[in-house]
Amino acid sequence: MAALLGAGVWSAAAALDTEPTQEARRQDPLPVGVGASSVPDPVLTQGMTQTASPEQSLPPLTIILDRPAPDGIGDLEPAQQIVRLRDLIESDDSARRHVELGRAQLAMADLASAETSFRAALRRAPGDPAAATGLAFADYLRGGPGRERAPRTMARLAARHPTSQLVAFNQGLLAAYAGDPATVTRAWRRTVRLNPRSPLGRVAADLLTRLAGSGG
């Protein structure tokens, strides 16, 4: 499963991070998978500075958001994103900006800072599913008991937020890293049911097609 999904996860992250790419994909399907060469290599590799995951075919783990950060920030390397987002938070102290900052810090493997940012988001928007998802991913990346605890956290979030496409997609993503294909399929099918035409819905549908074609 890891080898099959690896290129698709790379392309999904790139397409959802990049404003021009996301705009173009509103009319055309996302090119997920091997041969998705319309996404330039620097975009595909942005933020992937963590130590490689145990499943080497998958990119380092970070949450996938449903829309990019504003003002082209999603096009930047994570270190630059952090600088820009900290500046932006001076005038826009919303939960979303703190989630975006936490995501960039997660991509840099700065788990302590990411957790601080996600908790700041939760103080501004208690129960925010994106921030709670970020904390679950950070817990998984810390290893040890977090590897078992984080998937359970995502299951609870999915039950608490049954209409959140972001939670559904990321539950499937985490399950792919955890080697749980049943949850991958279930979560991504729910992602598609919630909105098949959104960027997350189309990415999930494409990845499910790849899985079905492999018999996985």
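Contact here means heavy atoms within 4.5 Å. Keep that in mind as you click around this predicted model.

Start with Phe137. Leaving out residues up to four places away in sequence, Phe137 touches Leu61, Thr62, Ile63, Leu106, Met154, Asn170, Leu173 and Leu174.

Now widen the selection to the largest nonpolar core, which has 40 residues. Phe137 is one of the members that touch the most others, along with Val99, Phe169 and Trp188. Colour the helices next: at least two residues of this core come from each of α5 (95–107), α6 (111–124), α7 (129–141), α8 (146–160), α9 (165–178), α10 (181–194) and α11 (199–214). Which helix gives the largest share? That's α9, with 8 residues.

Apart from this core there is another one to pick out, made of 8 residues, including Ala69, Ile73, Leu101 and Ala104.

Move on to α10. Then show its buried side: Thr183, Val184, Thr185, Ala187, Trp188, Arg190, Thr191 and Val192. Trp188 you have already met in the largest core.

Last stop: Ser164, in the loop between α8 and α9. Buried or exposed? Ser164 counts as buried, because its relative accessibility is 13% and the cut-off is under 20%. Show its neighbours too: not counting residues up to four places away in sequence, Ser164 touches Pro129 and Leu194.

Conventions
Residues are numbered from 1 along each chain as its sequence is written. This is a predicted model: local features need pLDDT of at least 70, side-chain atom pairs count only at pLDDT 80 or more; totals for chains, interfaces and linings use all residues. Side-chain values use heavy atoms; hydrogens and water are left out. A nonpolar core is a set of buried Ala, Val, Leu, Ile, Met, Phe, Trp, Tyr and Cys residues joined through side-chain atoms within 4.5 Å. Buried means under 20% relative accessible area, exposed over 50%, partly exposed in between (1.4 Å probe, protein chains only). Helices (H or I, at least four residues) and strands (E, at least two) are DSSP runs, numbered from the N terminus.
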